[in-house]
Amino acid sequence: MSVVIWCIATLIVLGAILYRGASLRAFTLGTIVMLAIGSLFGLFAYVPWIIAAVILVPFNLGFIRKNILAKRILSVYRKIMPEMSQTEREALEAGTVWWDGEVFRGKPNWKKLHAIPASKLTAEEQAFIDGPCDEVCTMLDDWYATHELADMPEHVWQYLKDNKFFAMIIKKEYGGLEFSAYAQSRVLQKLSGHSTILASTVGVPNSLGPGELLQLYGTKEQQDHYLPRLATGEDIPCFALTSPEAGSDAGAIPDTGIVCKGQWEGEEVLGIRLNFNKRYITLAPIATVVGLAFKMYDPEGLIGDQEDIGITCALLPRDIAGMEIGRRHLPLNVPFHNGPIRGTDVFIPMSFIIGGQAMAGKGWRMLMECLSVGRVITLPSNSAGGAKSIALVTGAYSRIRRQFKLPIGKMEGVEEAMARIGGNAYLMDAVTKFSTTGLDIGEKPSVISAISKYHMTEKLRQVMNDAMDIHGGKGICLGPNNYLGRGYQGTPVAITVEGANILTRSLMIYGQGAIRCHPFVLEEMNAAAIKGKEGLARFDKALFGHIGFVFSNFVRSLWFGVGGARFTSAPANDSTAQYYRMMTRFSSNLALMSDVAMGVLGGELKRRERLSARLGDMLSYLFIGSAILKRFEDDGRPAEDLPLMHWAMQDSLRKLQESQLEFLENFGAIGSALKVMMYPFGRIVKAPSDKLGHQISRILMEPNAARTRLGEGQFLSEKGPFGYVEAVLRDIIAVEPLHDKVQKAAGERLSFTRLHEIGLRGKELGVLNDEEVALFKRAEEGRLRVINVDDFAPEDLLAGPTAHQWGRDNS
């Protein structure tokens, strides 16, 4: 054996050990074995042994490693570790790590993914979706509610209360429905596919708000009083967190509560004097009970030695003295109830704190825990439901609407937009299914909630823009027959609320993900905060586990870069196998890039928001890709869905790849070196092909199994606009071959217009019966209704007088 062969063999053996993430002892044993082989063949004497001993012995002897290496590194670490506020720490510690941790760490366990049980609706939940959900959609005329009434009609409000739409999260012992997170998501998808105002109104009480907070943290007295009233709709809740001065940075709220004594119901009691100014609070104008977040202070030491107690949550009745409530905002002409709440010197007793005095100062942790749940459900589900309905109606419209003597859906420019609509709708439904499954098995995934909220609302924006482009004049002219306009107007609302998307992407996703999902970073931070031997011991264990983690992902990324990903295992041996392998490769790249970025930039990474955003995109698309593959598996791997699945995966992987390349290209010399290692042959993922887009366009343009699954659960009754277009689509498809039959009999090419006349001519020619003539007439009536737009008398468009004019009274 030559030295060269031994060196190559040693690199392979030790690389394999690192690739598998084996322990330090295993790596040391492998080194000893290879040195022994080299000595046995007489390749060297003692020098390599000495070098190996100098490097490996200090790491393997715990006393030396801990008290010399780890101790010195810990000292430096404590000096450079960025300061963390209490609210930041509570946000980091809130919730749980689930599949986001799996894809962050470089070696996703795909068998574990597929072992997660698919969510299913109970008979009760399915009956609610098929019954009350359909009924309330039938009851609500969205144009009347948004344009004329600026509210839902009273009978719709009453129906929602009577059927406990506001009580989906409330336990049955308090009179609620106690639906699963998955069922709540399905309800909101159906409602949002019909009306944004309806979905927003139902979503908020079942998301972040008094109901959830009371069930988790309320006292028994608070639960027994409020929860039954919330379940029946006797009380309507809202939660006031956001202020004009504190939007996405909700922890910076300026609203205060001072501990003091005051009068309550004729007696002097210990309580809190509140001053607050809240904005953008959904349901505030009609709420009867207000959840309020404020910063609590005890300057006189009435309840303890601590003056700055922290963020606290309390419940206030609507009629409490000193609170102003009832005025409305108008969020982009989608008039769900939203408005300001102000309070000056509002006194409340201590018993109004959610959970009582014992929970004073614990409000931020409470909010973060609840937000990690609610943010997974409401806005992502509303977005997915909107996208699903839009995909169906746009596919139908593109078959009904004709230009240049053919359905517009057969034009390649339209096909390109249709592919994005269909692929994204498939993706969005996959993400909501998977993320709500996590909630139902007990997770509170704070990172996944940020991923879901950001990407689903952004995807809806793209879907809506594409649909508007295809619909053209039909989409831009508001009126009773416009089924896109209000949704298009309201799309930025979802992008703005619950953490503005631009900050969710650049700060929140990776800011939490890097620490929560990493197997060692949070433990290193916690250990560094502990003094003495315990802190040093924990830091030593985490630090050297971290070092092994870095080397493992370095070897894996290097191996995958030269083509090794094709040798990794995948849970399926079909066209999806390539996606699992690419995801494993990209996961290892992310893990290595994260450690390099944190090691080089330290606390500065928090301020390098564009780099942090790209790392967040990588984590996001690894989760999204997992959700797509999970959906395809849970659906039984239907062949008809392959175009949708392939488009969603290829688009996601391409975006994941580009985020990695953009990160490396903006990370200086180190990034350039990593790029050579990770992408030695350039890009490996291409955008979805034109052929794939063509297949998706065809799926959307006519009834089929894939299209039915794509729109599963949406409100498609002919009493609603989307269901009506579906009915016209079926008539048009039925007429098309009959139209050809009449053309052949007439011996001339006939336009696909004035179908009622063509039907009569077909009867004259003896090729159509009375039933078919009636079909032509119905198809023409439907076609005209679908493609025409509304018009109004000028006086019908005049708005009422406003109470204020800019420059007069703008207080």
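**Notebook: a walk through the model**

I began with helix H17: 21 of its 26 residues are buried, so H17 is largely enclosed by the rest of the structure. My reminder on terms: buried means under 20% relative accessible area, exposed means over 50%, and partly exposed lies in between (1.4 Å probe, protein chains only). Helices are DSSP runs (H or I, at least four residues), numbered from the N terminus.

Before going on, I noted that this is a predicted model, where local features need pLDDT of at least 70, side-chain atom pairs count only at pLDDT 80 or more, and totals for chains, interfaces and linings use all residues. Residues are numbered from 1 along each chain as its sequence is written, and side-chain values use heavy atoms, with hydrogens and water left out.

**Length of H17**

I checked how far H17 (residues 446-471) reaches: at 1.5 Å a residue its 26 residues should span 38 Å, and its end C-alpha atoms are 37 Å apart, which agrees. The expected span is 1.5 Å times one less than the number of residues. Just after H17, I found Gly472 with a positive phi of about 60°.

Which residues touch the most other members of the largest nonpolar core? I found Leu615, Ile628, Leu653 and Phe663, in a core of 113 residues. Apart from this core lies another, of 92 residues, including Leu140 and Phe294. A nonpolar core is a set of buried Ala, Val, Leu, Ile, Met, Phe, Trp, Tyr and Cys residues joined through side-chain atoms within 4.5 Å.

I then followed Leu653: leaving aside neighbours within four places in sequence, Leu653 is in contact (heavy atoms within 4.5 Å) with Tyr579, Met582, Met583, Phe586 and Val685.

Is His646 buried or exposed? His646 is buried, because its relative accessible area is 13%. I located His646 in helix H25 (residues 642-665). Not counting residues up to four places away in sequence, His646 touches Ser575, Tyr579 and Leu692.

Next I looked up His739, which sits in helix H29 (residues 721-746). His739 is buried too, with a relative accessible area of 4%. Among the residues His739 touches, not counting those up to four places away in sequence, are Leu750, Phe752 and Phe776. The C-alpha atoms of His739 and Leu750 are separated by 8.2 Å, and the two residues are 11 apart along the chain.

**A last stop**

I ended at Ile51, in helix H3 (residues 47-60). Ile51 is partly exposed, with a relative accessible area of 49%.

Methods: Helices (H or I, at least four residues) and strands (E, at least two) are DSSP runs, numbered from the N terminus.
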